[in-house]
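Open the model in your viewer and keep the selection tool at hand. The stops below follow one another, starting with a pair of helices.

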Amino acid sequence: MRRRFPLRLLRQGLICTLLAAIPLPAIQAQSYSQSFDSYLQSVGDRARREGVSEATISRVLSGLTPNPRVVELDSAQPSRSGTPPATAPYIATHVDSARISRGRDRYSRDTGLIPQIERRYGVPGSILMAIWGHETNYGSYTGDFDLPRSLATLAWEGRRRALFEGELIALLKMVDRGVPTYRLKGSWAGALGNPQFLPSVYLRLAADGDGNGTSDIWSSDADTLASIANYFRDAGWRPGQPWGVRATVSSSFASAGTATRLAAPSCDRVFARHARWMTVAEWKRLGVAPLSSIGDNVLTSFFQPDGPGTPAYLLTGNYRVILQYNCSNYYALSVGLLADEIAR
């Protein structure tokens, strides 16, 4: 099984909002195992062994210096211990009228393209548009960190060297594949383009949606949407099934005994507030009724994240696919709700 989880664990929307307010002190003295320049030489050696051209190695790695900001951002990620905050404020911010309106406008602009991508990949256009809206506000901001410098710094710093060095090598391979170096801008943790793919994900799943021979996830709507769709298909999206549906809960419903034992090894506690998987028909018998069409035999998990008396949902396996894009219930739930609004 392929491991996809690092992509979104590095960039959870809730966390990035918090990190934006962190001041920048200098990198504190620490005992690195080797100098930055020496480390880059070892990266170059590995890149050569993996077939990267000498011209690309020299062009991308020459003259790099450590970036203290990315070390601070990586070190300051808040712990997810304790009681998670309510989802309602996050949803109100990320499923707001402006994002809905822009999503509908973009959807209307791409009406000739979206049906083709839906047929090819089996993923609804509204979901693709919602991901794009959450990741970069439909391309309005894709990040301005110098990615070779950021990834080299994070790899050299050493706490997650295997991950970041691998992404730096993948970035070099992107350049060898023809991606121009001016495209190598993005988030502090290495994500780039409209869908905010890490370089290794770009190499594996970026798609040519318009048939021109390139996978331009920076300026092509067709390539952006096809690449997100390719990611979702690869992650196991089930065509014809919603991400979930809103539900009503009867006064007789008792959640005791419905807790899940499911755990995600790559994303601590993400299923802690989910119920176990049962068919829609079984949930109906317990007093949970879907508010929109969904088959009685579909397996779902009951989710009422903010507690009794607040919005409740029956989640399908496709919700778990959204979690693979970003392992956060705040993110996945707001993506689903935004997609529903865009599709109205």
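Select helix 3 (residues 36–49) and helix 11 (residues 161–177): their axes come within 10 Å and cross at roughly 60 degrees. Helices here are DSSP runs of H or I with at least four residues, numbered from the N terminus. Axes are lines fitted to C-alpha atoms over the stretch in contact, and angles run from 0 to 180 degrees between N-to-C directions. Helix 3 and helix 11 are therefore oblique to each other, since angles under 35 degrees count as roughly parallel, over 145 as roughly antiparallel, 65 to 115 as roughly perpendicular and the rest as oblique.

This is a predicted model, in which local features need pLDDT of at least 70 and side-chain atom pairs count only at pLDDT 80 or more, while totals for chains, interfaces and linings use all residues. Residues are numbered from 1 along each chain as its sequence is written, and side-chain values use heavy atoms, with hydrogens and water left out.

Next, show the side chains between the two helices. Y39, V43, R46 and A47 of helix 3 meet R161, E165, G166, L168, I169 and L172 of helix 11; contact means heavy atoms within 4.5 Å.

Now select W156, which lies in helix 10 (residues 147–157). Is W156 buried or exposed? W156 is buried, because its relative accessible area is 9% (buried is under 20%, exposed over 50%, partly exposed in between, with a 1.4 Å probe and protein chains only).

Last, colour by pLDDT, the predictor's confidence in each residue from 0 to 100. The chain averages 89, but residues 1–31 stay under 50. Where pLDDT is low, the predicted coordinates should not be read in detail.
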